Amino acid sequence: MGTTEHPGPQKLPVRPDPKLWVSTVPFGLGKLKPKHIRDTMKTLWHNRDNLPYAARILTQGVCDGCALGVSGLYDRTLNGPHICTTRLNVLRLNTMPAIKPKLLHADIEELRKLTSAELRELGRVPYPLVRRKGERSFSRLSWNEALDLVAAKFRELPPEQTAFYLTARGITNESYYAAAKVARLIGTNHIDNASRICHSPSKTALKRSLGIGASSCSYSDWIGTDVLVFWGSVAANNQPVSTKYMYAAKRKGTKIIVINPYREPAMDGYWIPSIAESALFGTKLADDFYQVNIGGDIALMHGVMKAWFEMERERPGSAIDHLYVREHVNGFEELRTKVLEQQWTELEVSSGLSAARMKELAVLLAGAKSAVFVWSMGLTQHRHATDNISQVVNLALLRGFIGREYCGVMPIRGHSGVQSAGEMGAEPASLPGGDFDEYNRLRLERLWGFPVPNWRGDIVGVSLENALLPDNHPRRLKLYYMSGGNFLETMPDPAFIRRSLEALDIRVHQDIILNTSTLLDAKEAVIVLPAMTRYEQPGGGTSTSTERMIYFSPEIAGPRIEEARAEWEIYLDLASRVKPELRELIAVSDARRLREEIAKAAPDYEGIQYLGKQGDVFQRGGAWLCEGGICPTPDGKGRLIPVDIPRREAASRGEFYVTTRRGKQFNSMIYGERDSFNGTNRSAVLVNPTDARLHSITEGEAIVLHNDHGTLHGEARFADIAQGNLAVNFPEGNVLFPMGVYESRAGIPEYNIAVSLEKTEQFLFRKDRNYSKKGTLE
């Protein structure tokens, strides 16, 4: 894939640069911003019973927060220590004691009164639990009893009626691989992971455009690139350590462009706690914001390319890297034809931007010798997400921004280790080391010694739908084995999800804590299995960062949850009970042996078997994938893919497009009621002041968003968001999105939709009138 090695950590400038300061007032006093010192003190207080262990986790372990890949306090991008509030918030999951028996075995209705945040505070799951149909509380099981019960159900059911799911909660490569192998040994391809609801379109699009399934570049390429573009990504909020890389880039003259409907305050300016200058005076991050409509990114990118082709007519070579395109790219004429047939008026309506603004961005990128394009769920959580990403790659290919220094395309990951879930085979369309095709299936059958089922598995959304199929349907899901995750708070239509989970015969929750989904009923039984964190696993574990760095995280001495077990070990033990006659084929004595097997099963991970101590790391594929423009495609070339513009119908009065955002949380794990960057609470609906004025809505007024799928009650909060667009918090806003609507290629659910907005008093009055009329008619 590439021969150039990562350059290693770079030094930060010593002298301050006042031009980048947000404020001359020290520590941003009086400004709305995260209180890093206060939050650090809170972390110390929350971990006061285990401070030495907490310190060892921070200084020796690989971060189990986002996927930037900090090992101890250091990474491979910049010299100096790194720490962020996201990692500090997650820390308590690793240090807290077990749930007290009185609470754990309380009446289920008492536990159901608690939120997931309150359940999290109870502590760790201490031992295997079961709650059978009709029982009012959890009972204790031995490990043998628990796994024998689950194994018996697996043996009873056809494999098509069983499924596995793995979240990205600190899960290691070893656990992903073990789950992928065990699922196939049991006979099911119904296995999926958390990337299905965040970055699955990134992998799909990158595969079809470039033949790769991960970031083509490294974080170090941010530092020195001419332009760094964030498409639908609020890295300062979701991956706070990345602000340090942005600071280093700004100091080298990089322009940072943000493309997002909402002008996120975190990307405007940030106080970076590990840089003295920034901690005191803050750092201006974004040079410009392009506030597109929700779903308007493809139109914006069409506008940029249309401007490039118009520039080319006047002066050939002024916008397109023709040498790169000629030698390394297919599909140029087809793309040009598609782009030039677009009309500026249509592009303006869809994108929400003027032609002048789109041309302005086009000129900036045409004049850049290098650029890195970074994106996240603002591009991926759409029904046209794969086309979104392919369009980003189209821009990069036309300019030759692939396979060289300071250039690349990067889907920035929000969970540590999630990048490797598909690479380890923990999804229906993949096997360890490659796609689910005949070659890989036969290759792994030879390695594993047992047949791999030759049928297409279902993605997580379809599996949940299958739980409600007729009982005699051959794919009616009856046993769901979940490692972490809470579908009630991550998937659309929570009411549907509740029905699905309660329709299962047996539901297994392999986890470190309880959450609201753990407490739901099942037809036969709910079984809870206590898992170890990555820092407790004997022999350590590995995780893969956004930039394809494979880090070793050692076992860290400290207190233990007595009956918790390594996740990969639980999977292998289960398989030996489901198919005891094949026990020898899955027997692995320790984590090191498992890494040796991974190196054979996934050739790109050659080298993982040598990782065994703190600080061990290597980068899969080198510094740049597609180095020199040579892609791992049949002809070695990248592919330009013409895509259509999603139609955006003119919204009628009271109709808006709504999307979700994250605030004071780590994915679905909420750590506070008040957003540190904009001061809003969890019920806030971000609305443009002009839109609010047109609808006679005042700041803080109670409003309702509704459509055919659900209703959300909230408070209007004025914000710098593109007109005609609204933003609500995730997961609160999930009631507005339907189940069963998926992006056609990658299967990600739709998290952007049209809604009607009304004042609460008007909404309730209308409902009362409708009810009254209905009653009269009856």
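The centres of domain 2 and domain 3 lie 27 Å apart, taken over C-alpha atoms. This is a predicted model, in which local features need pLDDT of at least 70 and side-chain atom pairs count only at pLDDT 80 or more, while totals for chains, interfaces and linings use all residues. Residues are numbered from 1 along each chain as its sequence is written, and side-chain values use heavy atoms, with hydrogens and water left out. Here is a friendly tour, starting with the domains.

**Domains and their interface**

- The protein chain is assigned domain 1 (127–196 + 436–613), domain 2 (200–412) and domain 3 (655–770), with bounds that come from an automatic or database domain assignment.
- Contact (heavy atoms within 4.5 Å) joins 27 residues of domain 2 to 27 residues of domain 3.
- About 2,200 Å² is buried between domain 2 and domain 3, 52% of it on carbon and sulfur atoms; buried area is the accessible area (1.4 Å probe) that two parts lose on being put together, summed over both.
- Ile 294, Gln 381 and Arg 383 supply 32% of the area that domain 2 buries against domain 3, more than any other three residues.
- The interface of domain 2 and domain 3 holds three salt bridges, each a side-chain nitrogen of Lys or Arg within 4 Å of a carboxyl oxygen of Asp or Glu.
- There are also 14 residue pairs in polar contact across the interface of domain 2 and domain 3, both residues at pLDDT 80 or more; a polar contact is a pair of N or O atoms within 3.5 Å, where within protein one must be able to donate a hydrogen and the other to accept it, and residues adjacent in sequence count only if both atoms are side-chain atoms.
- On the side of domain 2 that touches domain 3, α9 (200–210), α10 (235–238), α12 (265–268), α19 (377–380) and α20 each supply at least two residues, and α9 gives the largest share, four residues.

**Helix α20**

- Helices (H or I, at least four residues) and strands (E, at least two) are DSSP runs, numbered from the N terminus.
- Helix α20 (residues 385–399) has 15 residues and reaches 22 Å from its first C-alpha to its last, close to the 21 Å expected at 1.5 Å a residue, a span calculated as 1.5 Å times one less than the number of residues.
- Because 15 of the 15 residues of α20 are buried, this helix is largely enclosed by the rest of the structure; buried means under 20% relative accessible area, exposed over 50% and partly exposed in between (1.4 Å probe, protein chains only).

**Salt bridges around Lys 153**

- Glu 156 and Lys 153 meet in a salt bridge through their side chains (3.1 Å, N to O), and the two are about one helical turn apart because they sit three residues apart in helix α7 (residues 143–156).
- Lys 153 is buried at 3% relative accessible area, whereas Glu 156 is exposed at 55%.
- The side chain of Lys 153 also forms a salt bridge with that of Asp 505 (3.2 Å, N to O).
- Asp 505 lies in the loop between α23 (494–503) and β16 (506–511), so its pairing with Lys 153 in helix α7 ties together parts that are 352 residues apart in sequence.

**A buried loop threonine**

- Thr 188 is in the loop between α8 (173–186) and β4 (191–193) and counts as buried at 0% relative accessibility.
- The side chain of Thr 188 reaches the backbone nitrogen of His 190 at 3.0 Å, and a polar atom of that side chain lies 3.3 Å from the backbone oxygen of Pro 159.
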